[in-house]
Amino acid sequence: MGIPSFQTLALPTFFFFFVSSYLLAYFRIFHNWDPKHRAEASSCFISLTHGTPAVFMAIHALTTQTTKSPSPPTFSSPNTFLHNTVLEFSISYFLIDLLHYLIFFPNDTLFILHHLATLYVFFTCRFIVHHGSFALLVLLILAEITSFCQNVWTLAGYRKADLPVAGKVFDLMSLPFFAFYTIVRGIIGPLFVYKMGVFYITQMAGDSIPVWAWVSWMIVIVTAILISIVWVFDHWIDWFKRRKAMNKLA
């Protein structure tokens with residue numbers, strides 16, 4: 001097991017960026033919202049500043065070949081500088097959002113555990129194992145590619161009761177967002193995780209990634225996939241119930 005090494009100022013820089021973004025959202029952008037939704041909206045705001053940029057950063061990192069590793073990457077390839085930068089970007093975001101939940105919603109155990117588990121995977125990959133970032137960045141893309149839709153939909157949901165336009169946006173986005181989320185998290189994600197599992201179980205990783213690391217990573221990833229599927233399934237049920245109620249009133 002290696003010793004964590006901080007070779008650049010990327011992590012503290014990103015951390016400062018997300019702290020500043022959260023404070024801007026909380027004290028300026030959403031300052032006139034009610035206290036509960038003000039905090040939740042601020043969390044959505046930093047999720048917006050993380051999600052889509054993380055997708056583009058990860059795509060850039062994955063498609064940029066290095067002279068040290070000209071061959072196609074595998075699930076056990078060494079982390080590149082760009083891979084590590086993306087991991088530090090996401091580590092910073094999850095640290096700030098974790099603090100958000102610990103301060104404002106300490107009883108939201110599921111989200112707190114999710115953030116802790118995600119931080120564990122990213123941190124061990126970046127600072128201890130130094131391999132395996134290729135797979136994690138693909139999963140990051142799949143996780144965050146729905147981020148913009150989800151956060152806009154969530155923000156609209158917070159204000160749908162008092163802003164008619166928010167209600168219209170919420171209703172308009174629900175079906176395409178759920179469909180998009182289902183395809184990414186319910187189909188593509190599980191297929192990719194299955195390929196990861198086969199790679200690790202058949203020992204194709206060799207000694208690059210310790211058993212303790214890939215086993216714990218797979219437990220976290222599979223659990224996150226299952227929770228995502230349950231989440232979208234529950235929202236599909238709620239959507240059909242609302243549509244049925246609206247049809248009765250029509």
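# Notebook: helices, salt bridges, cysteines and one patch

I began with Glu 40, which is buried, with a relative accessible area of 13%. I call a residue buried under 20% relative accessible area, exposed over 50%, and partly exposed in between (1.4 Å probe, protein chains only).

This is a predicted model, in which local features need pLDDT of at least 70, side-chain atom pairs count only at pLDDT 80 or more, and totals for chains, interfaces and linings use all residues. Residues are numbered from 1 along each chain as its sequence is written, and side-chain values use heavy atoms, with hydrogens and water left out.

**Entry 1: salt bridges**

I searched the whole structure and found five salt bridges. My criterion was a side-chain nitrogen of Lys or Arg within 4 Å of a carboxyl oxygen of Asp or Glu. Side chains of opposite charge can pair when their charged atoms come close.

Glu 40 pairs with Lys 36, and their closest N and O atoms are 2.7 Å apart. Lys 36 counts as partly exposed, at 47% relative accessibility. Both residues lie in helix H2, four residues apart, or about one turn of the helix. Helices here are DSSP runs (H or I, at least four residues), numbered from the N terminus. An α-helix has 3.6 residues a turn, so residues three or four places apart point the same way.

Next I looked at Arg 126 and Glu 88, whose side chains meet in a salt bridge at 2.7 Å, N to O. This pair links distant parts of the chain: Arg 126 is in helix H4, Glu 88 is in helix H3, and 38 residues separate them. Both Arg 126 and Glu 88 are buried.

Then I took Asp 171 and Arg 242, where the closest N and O atoms of the salt bridge are 3.7 Å apart. This pair also links distant parts of the chain, with Asp 171 in helix H7 (residues 164–201) and Arg 242 in helix H8 (residues 211–249), 71 residues apart. Salt bridges that share partners join Asp 171, Asp 238 and Arg 242 into one network. Asp 171 counts as partly exposed at 43% relative accessibility. Arg 242 counts as partly exposed at 22%.

**Entry 2: helix H2**

I checked the length of H2 (residues 35–63). At 1.5 Å a residue, its 29 residues should span 42 Å, and its end C-alpha atoms are 43 Å apart, which agrees. The expected span is 1.5 Å times one less than the number of residues. H2 bends by about 25 degrees at Ala 54. The bend at a residue is the angle between axes fitted to the seven residues ending there and the seven starting there.

**Entry 3: helix H4 and what follows**

H4 has 21 residues and reaches 28 Å from its first C-alpha to its last, close to the 30 Å expected. Where does H4 bend? It bends at Phe 123, by about 30 degrees. Phe 123 is partly exposed, with a relative accessible area of 31%. The C-alpha atoms of Phe 123 and Ile 91 are separated by 7.1 Å, although the two are 32 residues apart along the chain.

I listed buried residues of H4, among them Ile 112, His 115, Leu 119, Phe 122, Cys 125, Arg 126 and Val 129.

His 130 is found in the loop between helix H4 (109–129) and helix H5 (133–144). His 130 has a positive phi of about 65 degrees although it is not a glycine. Most residues other than glycine have a negative phi. At 29% relative accessibility, His 130 counts as partly exposed.

**Entry 4: cysteines**

How many disulfides does a search of the whole structure find? I got zero. I required a pair of cysteine sulfur atoms within 2.5 Å. The sulfur of Cys 149 is 13 Å from the closest cysteine sulfur, in Cys 44, too far for a bond. Cys 149 is partly exposed, with a relative accessible area of 23%. Cys 125 counts as buried, at 0% relative accessibility.

**Entry 5: nonpolar patch**

I looked up a nonpolar surface patch of about 450 Å², made by Phe 15, Leu 99, Leu 102, Ile 103 and Phe 104. Patches are made of residues with over 30% relative accessible area and no salt bridge; like charges are joined within 9 Å, and nonpolar side chains (Val, Leu, Ile, Met, Phe, Trp, Tyr) within 5 Å. Accessible areas come from the Shrake-Rupley method with a 1.4 Å probe, and for residues only the protein chains shown count as cover.

Helix H3 (residues 81–104) gives the most to this patch, with four residues. Ile 103 is found in H3. Ile 103 is exposed, with a relative accessible area of 61%.

Notes:
Helices (H or I, at least four residues) and strands (E, at least two) are DSSP runs, numbered from the N terminus.
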